[in-house]
Amino acid sequence: MTPPFSDILVRRLARARRVAVLTGAGISAESGIATFRDPGGIWEKFSPEELANVRAFLRNPELVQGWYAHRRRLVEQAVPNPGHEALAALERMVPDFTLITQNVDGLHQRAGSRGVVELHGNLTRSYCIDCRRLATAEDLDALAEGVPARCPDCGGLIRPDVVWFGEYLPVAAFEAAEAAARRAEVFLSIGTSAVVYPAAGLPLLAREHGAYVAEVNLTPSAIAGYVDEVVEGAAGAVLPRLVQAVRAASRETTPASGVQNGRKEA
Ligand code: BV8
Ligand code: ZN
């Protein structure tokens, strides 16, 4: 069956030394974690304004803490899917590989990806808004009694370690992401509607610096008109085929020594 991606993409990935990838909620959809803006997505019931911002949290901490407790349970029950695993395999084939994610579910790390750049934090971590003490699972249990979970040291409210609207992204993470986008030879944007900034600007930054940019998405994203290649399909189906094709192409051009311009055969 004809692959949904071009031979150009395969050959560029096969010879690239520097690759960067940006993922969004779409890559976790096949692990059963609802996306944000698709039909049935988690924003469908709540708008971002209601939940993912500090004002909403201070106005109704139990609601926001309860929403994240619900999402933590979904994440704990979820397992990485073939899309996550394919990116972990690709990382082992490329000398300089950076995985940048907007997701807060930690599934890339559980699939074996290393050095994941988390732009929007990670909902499995929580902290006190006053003294910033990291919360334990027991601290969060208080929520079950219908009262907001508070810091046992100072009584401050406990919040998830994620970036809400109107909040700055972690500086080190965003700087690492920008540097990776600037130096990438190939940039993949996977499973994101590309409407949230500054993350959505990274594929465009990569393109401005000469990268070949491809998106892998169920439906064309907001930046589909600005990338070199739009691959329509589910990440869990497309990415394993793409990595297999890159592996085959690498073998074709790898001399008998098994090492092609410093790349390792994964
Ligand atoms: C900031 C974390 C500086 C918590 C989230 C006007 C214009 C431009 C920007 C702005 C503006 N007004 C305000 C802003 C800034 C704002 C922003 O971008 N707003 C947008 C909505 C207009 N950004 C911010 O506030 C950021 N901070 O700018 O700081 C600053 C500071 C102070 C004052 C001013 C500025 C902070 C942004 C981070 C917000 N946090 N969540 C949590 O998760 O609860 S946002 C949320 O959206 C998630 O983080 C998520 O990662 C992100 C992006 O969503 P996606 O991942 O793309 O998911 P989505 O559902 O949208 O799309 C899924 C896609 O996958 C779809 O395309 C679908 O087709 C596809 N798909 C589905 N299944 C599959 C698939 N693809 C492949 N395979 C499948 N199986
Ligand atoms: Zn505290």
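**View 1. Overall fold of the protein chain.** The accessible surface of the protein chain amounts to about 12,300 Å², and carbon and sulfur atoms contribute 54% of it; the model shown is a predicted one. Twelve helices and eight strands make up the secondary structure of the chain. Its radius of gyration is 20 Å, close to the 18 Å given by the globule rule for 266 residues, so the chain is as compact as a globular protein of that length. Along the principal axes, the C-alpha atoms occupy a box of roughly 65 × 35 × 30 Å. Of the 266 residues, 51% are buried, and among contacts with a separation of 6 or more, 68% link residues 24 or more positions apart.

**View 2. Burial of strand E6.** All five of the five residues in strand E6 (residues 186–190) are buried, so this strand is largely enclosed by the rest of the structure. In a regular strand, side chains alternate between the two faces of the sheet. Here both faces are covered, with Val186, Leu188 and Ile190 buried on one side and Phe187 and Ser189 buried on the other.

**View 3. Pairing of E6 with strand E1.** Strand E1 (residues 18–23) pairs with E6 in the parallel sense over five bridges, and within this pairing valine 19 stands opposite valine 186 of E6.

**View 4. Pairing of E6 with strand E7, and the connecting crossover.** E6 and strand E7 (residues 212–217) run parallel and are joined by five bridges, with serine 189 standing opposite glutamate 215 in E7. From E6 the chain passes through helix H11 (residues 202–208) to reach E7, forming a β-α-β crossover that is right-handed.

Conventions. Residues are numbered from 1 along each chain as its sequence is written. Chains are lettered from A and ligands numbered from 1 in the order in which they are written. This is a predicted model: local features need pLDDT of at least 70, side-chain atom pairs count only at pLDDT 80 or more; totals for chains, interfaces and linings use all residues. Side-chain values use heavy atoms; hydrogens and water are left out. Buried means under 20% relative accessible area, exposed over 50%, partly exposed in between (1.4 Å probe, protein chains only). Helices (H or I, at least four residues) and strands (E, at least two) are DSSP runs, numbered from the N terminus. Two strands pair if DSSP finds at least two bridges between them. A crossover is right-handed if, with the strands pointing away from the viewer, the path from the first strand over the helix to the second runs clockwise. The radius of gyration is taken over C-alpha atoms; the globule rule is 2.2 Å times the number of residues to the power 0.38. Contact means heavy atoms within 4.5 Å. Accessible areas come from the Shrake-Rupley method with a 1.4 Å probe; for residues, only the protein chains shown count as cover.
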